[in-house]
Amino acid sequence: MNPLATLQKKPTPPRIDTTSHAPQRDKREVRPGLLADKGSPAVRPPAAAHLSDEQVAELCKELDTIKSDILKKRGTEDAKYIRRVIRLQRYLEILGRGALILDGKNKAVWVAATAALASAKIIENMEIGHNVLHGQWDWMRDPDIHSTTWQWDFATPARSWQHTHNDLHHRWTNVLGKDKDVGFNLLRMDPAQEWTPVNLLNPVFNMVLAPFFEWGIAIYDLEIDLYLDGTKPKEVFMDDLKAFAKSGGSQIMKDFVVTPGLALATGAHKEAFLGTAAANLIRNLWAHSVIFCGHFPDGTETFTDEMVEGEARGDWYIRQMLGSSNISGSKFLHFMTGNLSHQVEHHLFPDLPSSRYGEIAPKVQEICERYGLPYNTGPLYKQVGSAWGKVFRLALP
(Lines give C-alpha, C1' and ligand atoms only; values in the text may rest on other atoms or scores of the structure.)
Protein backbone atom coordinates (compact mmCIF):
# COMPACT_ATOMS: atom_id res chain seq x y z
CA MET A 1 0.00 0.00 0.00
CA ASN A 2 1.26 3.47 -0.87
CA PRO A 3 2.07 5.12 2.51
CA LEU A 4 1.00 8.48 1.13
CA ALA A 5 -2.32 7.25 -0.19
CA THR A 6 -4.14 8.35 2.95
CA LEU A 7 -3.04 11.94 2.34
CA GLN A 8 -5.14 12.21 -0.79
CA LYS A 9 -8.45 13.93 -0.30
CA LYS A 10 -11.47 11.68 -0.77
CA PRO A 11 -14.24 13.45 -2.66
CA THR A 12 -17.01 11.36 -1.08
CA PRO A 13 -15.76 9.68 2.10
CA PRO A 14 -18.06 7.12 3.68
CA ARG A 15 -20.15 8.22 6.62
CA ILE A 16 -18.58 7.37 9.97
CA ASP A 17 -20.39 6.72 13.22
CA THR A 18 -18.95 9.24 15.67
CA THR A 19 -21.41 8.75 18.51
CA SER A 20 -18.71 7.28 20.74
CA HIS A 21 -14.95 7.52 20.91
CA ALA A 22 -14.63 4.37 22.99
CA PRO A 23 -16.60 1.18 23.56
CA GLN A 24 -18.97 0.92 26.50
CA ARG A 25 -16.90 0.09 29.57
CA ASP A 26 -19.50 -1.78 31.66
CA LYS A 27 -19.15 -0.64 35.30
CA ARG A 28 -16.47 1.91 34.55
CA GLU A 29 -17.33 5.56 34.33
CA VAL A 30 -17.62 7.11 30.88
CA ARG A 31 -17.88 10.71 29.77
CA PRO A 32 -21.29 12.23 30.44
CA GLY A 33 -23.16 14.54 28.12
CA LEU A 34 -22.84 18.31 28.03
CA LEU A 35 -22.58 20.05 31.38
CA ALA A 36 -25.41 22.34 32.45
CA ASP A 37 -25.33 26.03 31.52
CA LYS A 38 -26.39 27.08 35.02
CA GLY A 39 -25.47 26.00 38.51
CA SER A 40 -22.47 26.13 40.79
CA PRO A 41 -20.40 23.69 42.84
CA ALA A 42 -20.82 23.35 46.58
CA VAL A 43 -17.46 25.11 47.04
CA ARG A 44 -15.35 26.94 44.48
CA PRO A 45 -11.57 26.44 44.41
CA PRO A 46 -9.70 29.03 46.51
CA ALA A 47 -8.34 30.82 43.44
CA ALA A 48 -11.91 31.30 42.13
CA ALA A 49 -13.69 31.82 45.46
CA HIS A 50 -14.04 35.56 44.77
CA LEU A 51 -16.23 34.96 41.71
CA SER A 52 -20.02 35.13 41.89
CA ASP A 53 -22.32 32.83 39.95
CA GLU A 54 -23.09 35.74 37.61
CA GLN A 55 -19.39 36.36 36.91
CA VAL A 56 -18.82 32.68 36.20
CA ALA A 57 -21.75 32.69 33.79
CA GLU A 58 -20.27 35.70 31.97
CA LEU A 59 -16.83 34.05 31.82
CA CYS A 60 -18.50 30.95 30.36
CA LYS A 61 -20.15 33.02 27.64
CA GLU A 62 -16.83 34.64 26.70
CA LEU A 63 -15.07 31.28 26.40
CA ASP A 64 -18.01 29.83 24.47
CA THR A 65 -17.67 32.74 22.05
CA ILE A 66 -13.96 32.03 21.53
CA LYS A 67 -14.80 28.44 20.65
CA SER A 68 -17.68 29.44 18.40
CA ASP A 69 -15.48 31.88 16.48
CA ILE A 70 -12.89 29.16 15.79
CA LEU A 71 -15.58 26.72 14.67
CA LYS A 72 -16.85 29.31 12.19
CA LYS A 73 -13.35 29.85 10.76
CA ARG A 74 -12.34 26.19 10.72
CA GLY A 75 -12.09 24.87 7.20
CA THR A 76 -9.88 24.20 4.20
CA GLU A 77 -6.69 25.70 5.61
CA ASP A 78 -7.00 23.60 8.77
CA ALA A 79 -7.48 20.45 6.70
CA LYS A 80 -4.43 21.32 4.61
CA TYR A 81 -2.44 21.83 7.79
CA ILE A 82 -3.05 18.38 9.27
CA ARG A 83 -2.42 16.68 5.93
CA ARG A 84 0.89 18.54 5.58
CA VAL A 85 1.89 17.47 9.08
CA ILE A 86 1.04 13.83 8.35
CA ARG A 87 3.03 14.01 5.11
CA LEU A 88 6.03 15.52 6.94
CA GLN A 89 5.87 12.86 9.66
CA ARG A 90 5.82 10.02 7.16
CA TYR A 91 8.67 11.45 5.12
CA LEU A 92 10.77 11.81 8.29
CA GLU A 93 10.01 8.23 9.34
CA ILE A 94 10.82 6.79 5.92
CA LEU A 95 13.99 8.87 5.75
CA GLY A 96 15.11 7.91 9.25
CA ARG A 97 14.46 4.19 8.93
CA GLY A 98 15.82 4.05 5.40
CA ALA A 99 19.07 5.79 6.32
CA LEU A 100 19.59 3.50 9.34
CA ILE A 101 19.08 0.45 7.14
CA LEU A 102 21.19 1.59 4.20
CA ASP A 103 24.06 3.45 5.85
CA GLY A 104 23.70 3.19 9.61
CA LYS A 105 27.40 2.42 10.06
CA ASN A 106 28.26 5.98 9.05
CA LYS A 107 28.23 7.96 12.33
CA ALA A 108 27.00 11.20 10.77
CA VAL A 109 24.23 9.35 8.94
CA TRP A 110 23.31 7.46 12.13
CA VAL A 111 22.91 10.70 14.10
CA ALA A 112 20.84 12.37 11.37
CA ALA A 113 18.70 9.26 10.82
CA THR A 114 18.05 8.80 14.53
CA ALA A 115 17.10 12.47 14.85
CA ALA A 116 14.71 12.16 11.90
CA LEU A 117 13.08 9.04 13.32
CA ALA A 118 12.80 10.56 16.81
CA SER A 119 11.21 13.67 15.31
CA ALA A 120 8.76 11.53 13.34
CA LYS A 121 7.74 9.68 16.50
CA ILE A 122 7.32 12.91 18.47
CA ILE A 123 5.23 14.56 15.75
CA GLU A 124 3.07 11.45 15.33
CA ASN A 125 2.38 11.14 19.05
CA MET A 126 2.02 14.80 19.96
CA GLU A 127 0.65 16.84 17.04
CA ILE A 128 -1.07 14.02 15.13
CA GLY A 129 -2.06 11.02 17.25
CA HIS A 130 -3.00 12.78 20.48
CA ASN A 131 -5.05 15.41 18.66
CA VAL A 132 -6.67 13.14 16.09
CA LEU A 133 -7.77 10.80 18.88
CA HIS A 134 -9.38 13.78 20.62
CA GLY A 135 -11.64 14.18 17.60
CA GLN A 136 -10.07 17.50 16.57
CA TRP A 137 -10.22 16.55 12.90
CA ASP A 138 -13.42 14.44 12.81
CA TRP A 139 -15.26 17.33 11.14
CA MET A 140 -13.25 16.64 7.95
CA ARG A 141 -15.15 13.37 7.52
CA ASP A 142 -11.94 11.73 6.32
CA PRO A 143 -11.99 8.04 7.34
CA ASP A 144 -8.18 7.99 7.45
CA ILE A 145 -7.83 10.95 9.83
CA HIS A 146 -10.52 10.19 12.36
CA SER A 147 -10.70 9.52 16.08
CA THR A 148 -12.44 6.16 15.54
CA THR A 149 -9.91 4.78 13.05
CA TRP A 150 -6.50 6.28 13.85
CA GLN A 151 -3.85 3.83 15.06
CA TRP A 152 -0.89 5.66 16.49
CA ASP A 153 2.80 4.90 16.97
CA PHE A 154 2.44 4.23 20.68
CA ALA A 155 2.35 1.11 22.84
CA THR A 156 -1.05 1.76 24.39
CA PRO A 157 -4.09 0.95 22.20
CA ALA A 158 -5.90 4.04 20.97
CA ARG A 159 -9.28 3.01 22.39
CA SER A 160 -7.91 2.31 25.89
CA TRP A 161 -6.13 5.67 25.92
CA GLN A 162 -9.26 7.48 24.77
CA HIS A 163 -11.15 6.05 27.73
CA THR A 164 -8.66 6.99 30.46
CA HIS A 165 -7.66 10.28 28.81
CA ASN A 166 -10.68 11.69 26.97
CA ASP A 167 -13.47 10.23 29.07
CA LEU A 168 -11.91 10.45 32.53
CA HIS A 169 -8.95 12.84 32.67
CA HIS A 170 -10.55 15.65 30.67
CA ARG A 171 -13.86 15.34 32.50
CA TRP A 172 -12.36 15.17 36.00
CA THR A 173 -9.17 17.19 35.49
CA ASN A 174 -7.14 17.11 38.73
CA VAL A 175 -10.05 15.99 40.91
CA LEU A 176 -8.41 13.82 43.55
CA GLY A 177 -9.88 10.33 43.58
CA LYS A 178 -11.49 10.74 40.15
CA ASP A 179 -8.61 11.81 37.87
CA LYS A 180 -5.99 9.11 38.24
CA ASP A 181 -3.66 10.99 35.91
CA VAL A 182 -2.61 12.79 39.09
CA GLY A 183 0.41 10.54 39.57
CA PHE A 184 -0.71 7.78 37.16
CA ASN A 185 -1.28 5.39 40.12
CA LEU A 186 2.48 5.52 40.67
CA LEU A 187 3.61 8.92 41.96
CA ARG A 188 2.48 11.12 44.81
CA MET A 189 1.93 14.47 43.11
CA ASP A 190 -0.24 16.38 45.60
CA PRO A 191 0.07 16.99 49.36
CA ALA A 192 -3.55 15.88 49.80
CA GLN A 193 -2.64 12.38 48.62
CA GLU A 194 -1.92 10.15 51.60
CA TRP A 195 1.79 9.59 52.17
CA THR A 196 3.14 6.04 52.50
CA PRO A 197 6.76 4.88 52.84
CA VAL A 198 6.80 3.73 49.21
CA ASN A 199 6.49 7.40 48.19
CA LEU A 200 10.12 7.82 49.22
CA LEU A 201 10.81 6.23 45.84
CA ASN A 202 8.92 8.99 44.00
CA PRO A 203 12.07 10.27 42.23
CA VAL A 204 13.21 6.74 41.37
CA PHE A 205 9.80 5.82 39.95
CA ASN A 206 9.75 8.99 37.83
CA MET A 207 13.30 8.41 36.58
CA VAL A 208 12.20 4.96 35.39
CA LEU A 209 8.90 6.22 34.01
CA ALA A 210 10.46 8.96 31.86
CA PRO A 211 12.55 6.83 29.45
CA PHE A 212 9.81 4.17 29.23
CA PHE A 213 6.88 6.58 29.23
CA GLU A 214 4.85 4.93 26.47
CA TRP A 215 4.99 1.58 28.29
CA GLY A 216 4.11 3.18 31.62
CA ILE A 217 1.04 4.79 30.05
CA ALA A 218 0.07 1.51 28.39
CA ILE A 219 0.17 -0.33 31.72
CA TYR A 220 -1.73 2.51 33.40
CA ASP A 221 -4.42 2.37 30.68
CA LEU A 222 -5.05 -1.29 31.50
CA GLU A 223 -6.62 -0.12 34.80
CA ILE A 224 -5.20 -3.07 36.67
CA ASP A 225 -6.32 -1.56 39.99
CA LEU A 226 -9.97 -1.59 38.85
CA TYR A 227 -9.67 -5.19 37.70
CA LEU A 228 -8.22 -6.23 41.05
CA ASP A 229 -10.97 -4.52 43.07
CA GLY A 230 -13.69 -6.03 40.88
CA THR A 231 -14.84 -2.79 39.24
CA LYS A 232 -13.54 -3.78 35.84
CA PRO A 233 -14.99 -7.09 34.58
CA LYS A 234 -12.54 -9.83 33.71
CA GLU A 235 -13.72 -10.08 30.10
CA VAL A 236 -13.19 -6.35 29.57
CA PHE A 237 -9.75 -6.51 31.17
CA MET A 238 -8.77 -9.47 28.99
CA ASP A 239 -9.94 -7.64 25.86
CA ASP A 240 -7.81 -4.65 26.85
CA LEU A 241 -4.86 -6.89 27.63
CA LYS A 242 -5.10 -8.52 24.19
CA ALA A 243 -5.30 -5.11 22.55
CA PHE A 244 -2.22 -3.99 24.50
CA ALA A 245 -0.32 -7.13 23.47
CA LYS A 246 -1.19 -6.46 19.83
CA SER A 247 -0.36 -2.75 19.94
CA GLY A 248 2.80 -3.10 22.01
CA GLY A 249 3.89 -6.14 20.02
CA SER A 250 3.58 -4.24 16.75
CA GLN A 251 5.84 -1.50 18.15
CA ILE A 252 8.49 -4.02 19.18
CA MET A 253 8.25 -5.82 15.85
CA LYS A 254 8.55 -2.65 13.77
CA ASP A 255 11.39 -1.03 15.71
CA PHE A 256 13.43 -3.92 17.01
CA VAL A 257 12.83 -6.78 14.57
CA VAL A 258 11.87 -5.53 11.11
CA THR A 259 14.09 -2.44 10.88
CA PRO A 260 17.27 -4.15 12.20
CA GLY A 261 16.35 -7.25 10.20
CA LEU A 262 16.30 -5.30 6.94
CA ALA A 263 19.65 -3.78 7.91
CA LEU A 264 21.25 -7.25 7.97
CA ALA A 265 21.69 -6.89 4.21
CA THR A 266 24.00 -3.89 4.72
CA GLY A 267 25.61 -5.11 7.93
CA ALA A 268 24.10 -2.18 9.86
CA HIS A 269 21.67 -4.25 11.96
CA LYS A 270 23.33 -3.31 15.25
CA GLU A 271 23.32 0.38 14.36
CA ALA A 272 19.70 0.18 13.20
CA PHE A 273 18.67 -1.44 16.49
CA LEU A 274 20.48 1.22 18.51
CA GLY A 275 19.04 3.98 16.32
CA THR A 276 15.44 2.90 16.81
CA ALA A 277 16.08 2.42 20.54
CA ALA A 278 17.53 5.94 20.79
CA ALA A 279 14.62 7.41 18.82
CA ASN A 280 12.14 5.79 21.20
CA LEU A 281 14.11 7.02 24.21
CA ILE A 282 14.13 10.61 22.89
CA ARG A 283 10.40 10.46 22.13
CA ASN A 284 9.57 9.11 25.59
CA LEU A 285 11.69 11.65 27.45
CA TRP A 286 10.16 14.49 25.43
CA ALA A 287 6.58 13.29 25.86
CA HIS A 288 7.11 12.79 29.59
CA SER A 289 8.51 16.32 29.95
CA VAL A 290 5.68 17.94 27.99
CA ILE A 291 2.95 16.08 29.89
CA PHE A 292 4.49 16.84 33.28
CA CYS A 293 4.95 20.52 32.33
CA GLY A 294 1.25 20.74 31.49
CA HIS A 295 -0.08 19.17 34.67
CA PHE A 296 2.31 19.27 37.62
CA PRO A 297 4.35 22.51 37.93
CA ASP A 298 3.86 24.69 41.01
CA GLY A 299 0.72 26.75 40.60
CA THR A 300 -1.45 24.02 39.09
CA GLU A 301 -4.30 23.22 41.44
CA THR A 302 -6.08 20.03 42.43
CA PHE A 303 -9.72 19.79 43.46
CA THR A 304 -12.01 17.94 45.85
CA ASP A 305 -15.38 16.30 45.22
CA GLU A 306 -17.25 19.23 46.75
CA MET A 307 -15.59 21.56 44.23
CA VAL A 308 -17.21 19.66 41.34
CA GLU A 309 -20.51 18.69 42.93
CA GLY A 310 -23.19 20.55 40.96
CA GLU A 311 -20.58 21.95 38.59
CA ALA A 312 -21.87 23.70 35.46
CA ARG A 313 -19.84 24.43 32.34
CA GLY A 314 -18.50 27.76 33.60
CA ASP A 315 -16.93 26.20 36.67
CA TRP A 316 -15.63 23.33 34.55
CA TYR A 317 -13.88 25.96 32.41
CA ILE A 318 -12.38 27.52 35.53
CA ARG A 319 -11.13 24.17 36.74
CA GLN A 320 -9.38 23.54 33.42
CA MET A 321 -7.60 26.89 33.67
CA LEU A 322 -6.55 26.40 37.29
CA GLY A 323 -5.46 22.80 36.79
CA SER A 324 -3.26 23.30 33.72
CA SER A 325 0.06 24.99 32.92
CA ASN A 326 1.52 26.32 29.67
CA ILE A 327 5.03 26.37 28.22
CA SER A 328 6.18 29.61 26.62
CA GLY A 329 8.45 29.48 23.60
CA SER A 330 8.77 29.58 19.82
CA LYS A 331 6.34 28.30 17.19
CA PHE A 332 8.69 25.36 16.61
CA LEU A 333 8.52 24.40 20.29
CA HIS A 334 4.72 24.64 20.21
CA PHE A 335 4.62 22.41 17.13
CA MET A 336 6.94 19.79 18.63
CA THR A 337 4.81 19.63 21.77
CA GLY A 338 1.72 18.98 19.67
CA ASN A 339 0.64 22.44 20.86
CA LEU A 340 0.29 20.94 24.34
CA SER A 341 2.52 23.81 25.35
CA HIS A 342 -0.90 25.53 25.25
CA GLN A 343 -2.20 23.07 27.83
CA VAL A 344 -4.64 25.59 29.32
CA GLU A 345 -6.27 26.13 25.93
CA HIS A 346 -6.21 22.41 25.18
CA HIS A 347 -8.01 21.59 28.41
CA LEU A 348 -10.59 24.28 27.72
CA PHE A 349 -11.19 23.17 24.12
CA PRO A 350 -9.82 19.63 23.63
CA ASP A 351 -11.69 19.13 20.36
CA LEU A 352 -10.57 22.32 18.58
CA PRO A 353 -7.70 21.99 16.05
CA SER A 354 -4.45 22.20 17.99
CA SER A 355 -3.02 24.61 15.42
CA ARG A 356 -5.55 27.19 16.62
CA TYR A 357 -4.44 27.21 20.27
CA GLY A 358 -1.74 29.83 19.72
CA GLU A 359 -4.36 32.10 18.18
CA ILE A 360 -6.71 31.94 21.16
CA ALA A 361 -4.10 31.84 23.95
CA PRO A 362 -3.81 35.67 24.30
CA LYS A 363 -7.61 35.93 24.57
CA VAL A 364 -7.74 33.25 27.27
CA GLN A 365 -4.92 34.91 29.19
CA GLU A 366 -6.70 38.27 29.03
CA ILE A 367 -9.88 36.70 30.39
CA CYS A 368 -7.95 35.14 33.26
CA GLU A 369 -6.40 38.49 34.16
CA ARG A 370 -9.73 40.31 33.98
CA TYR A 371 -11.47 37.80 36.24
CA GLY A 372 -8.58 37.59 38.69
CA LEU A 373 -7.62 34.01 37.82
CA PRO A 374 -4.03 32.76 37.53
CA TYR A 375 -2.66 31.85 34.09
CA ASN A 376 0.29 29.55 34.74
CA THR A 377 2.95 29.73 32.05
CA GLY A 378 6.73 29.70 31.83
CA PRO A 379 9.70 28.53 29.75
CA LEU A 380 10.35 24.82 29.34
CA TYR A 381 13.29 24.66 31.76
CA LYS A 382 11.27 26.38 34.49
CA GLN A 383 8.22 24.14 34.12
CA VAL A 384 10.30 20.94 33.93
CA GLY A 385 12.28 21.97 36.99
CA SER A 386 9.12 22.85 38.89
CA ALA A 387 7.45 19.51 38.08
CA TRP A 388 10.53 17.52 39.08
CA GLY A 389 10.88 19.62 42.23
CA LYS A 390 7.37 18.54 43.21
CA VAL A 391 8.28 14.91 42.56
CA PHE A 392 11.16 15.19 45.04
CA ARG A 393 9.28 17.27 47.66
CA LEU A 394 6.27 14.97 47.77
CA ALA A 395 8.46 11.94 48.29
CA LEU A 396 8.54 13.13 51.89
CA PRO A 397 5.61 13.25 54.34
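Buried means under 20% relative accessible area, exposed means over 50%, and partly exposed sits in between, using a 1.4 Å probe and counting protein chains only. The model here is a predicted one, where local features need pLDDT of at least 70 and side-chain atom pairs count only at pLDDT 80 or more, while totals for chains, interfaces and linings use all residues. Residues are numbered from 1 along each chain as its sequence is written, and side-chain values use heavy atoms, with hydrogens and water left out.

**Salt bridges**

Let's start with charged pairs. A salt bridge is a side-chain nitrogen of Lys or Arg within 4 Å of a carboxyl oxygen of Asp or Glu. By this rule there are 26 salt bridges in the model. Here are three of them, with the N to O distances.

| Pair | N to O distance |
|---|---|
| Arg313 and Asp64 | 2.4 Å |
| Asp351 and Lys67 | 3.4 Å |
| Glu311 and Arg319 | 2.8 Å |

Take the Arg313 and Asp64 salt bridge. Arg313 belongs to helix H10 and Asp64 to helix H1, so this pair ties together parts that are 249 residues apart in sequence. As for the names, helices (H or I, at least four residues) are DSSP runs numbered from the N terminus. Asp64 is partly exposed, at a relative accessible area of 24%.

Now for the salt bridge between Asp351 and Lys67. This one also links distant parts of the chain: Asp351 is in the loop between H12 and H13, Lys67 is in helix H1, and 284 residues separate them. Asp351 is partly exposed, with a relative accessible area of 32%, and Lys67 is partly exposed too, with 24%.

In the Glu311 and Arg319 pair, both residues are buried. Elsewhere, a network of salt bridges links Glu93, Arg97, Lys121, Asp153, Glu214, Lys254, Asp255 and Arg283.

**A covered helix**

**Helix H5 and its surroundings**

Two packed helices are described by the angle between their axes and the distance between the axes. For H5 and helix H14 (residues 380-393), the axes come within 7 Å and cross at roughly 135°. These axes are lines fitted to C-alpha atoms, for helices over the stretch in contact, with angles running from 0 to 180 degrees between N-to-C directions. H5 and H14 are therefore oblique to each other. On this scale, angles under 35 degrees count as roughly parallel, over 145 as roughly antiparallel, 65 to 115 as roughly perpendicular, and the rest as oblique. Asn202, Pro203, Asn206 and Met207 of H5 make the contact (heavy atoms within 4.5 Å) with Trp388, Val391 and Phe392 of H14.

H5 covers residues 202-209 and includes Val204. Val204 is partly exposed at 43% relative accessibility. Together with Val198, Leu201, Val208 and Phe212, Val204 makes a nonpolar surface patch of about 430 Å². Patches are made of residues with over 30% relative accessible area and no salt bridge, where nonpolar side chains (Val, Leu, Ile, Met, Phe, Trp, Tyr) are joined within 5 Å and like charges within 9 Å. The accessible areas come from the Shrake-Rupley method with a 1.4 Å probe, and for residues only the protein chains shown count as cover.

The loop between H4 and H5 holds Asn199. Asn199 is buried, with a relative accessible area of 8%. Leaving aside neighbours within four places in sequence, Asn199 is in contact with Arg188, Glu194, Leu394 and Ala395.

**Positive phi angles**

Most residues other than glycine have a negative phi. Which way does Asn185 go, positive or negative? Its phi is positive, near 60°, and Asn185 lies in the loop between H4 and H5. Asn339 also has a positive phi, of about 60°, although it is not a glycine. Asn339 is in the loop between helix H11 (331-336) and H12, and is buried with a relative accessible area of 8%.

Gln162 sits in helix H4 (residues 158-169) and is buried, at 0% relative accessible area. Asp78, in helix H2 (residues 76-103), counts as buried at 4%. Not counting residues up to four places away in sequence, Asp78 touches Lys73, Trp137, Trp139, Pro353, Ser355 and Arg356.

Key: Helix = DSSP H or I, 4+ residues; strand = E, 2+ residues; numbered from the N terminus.
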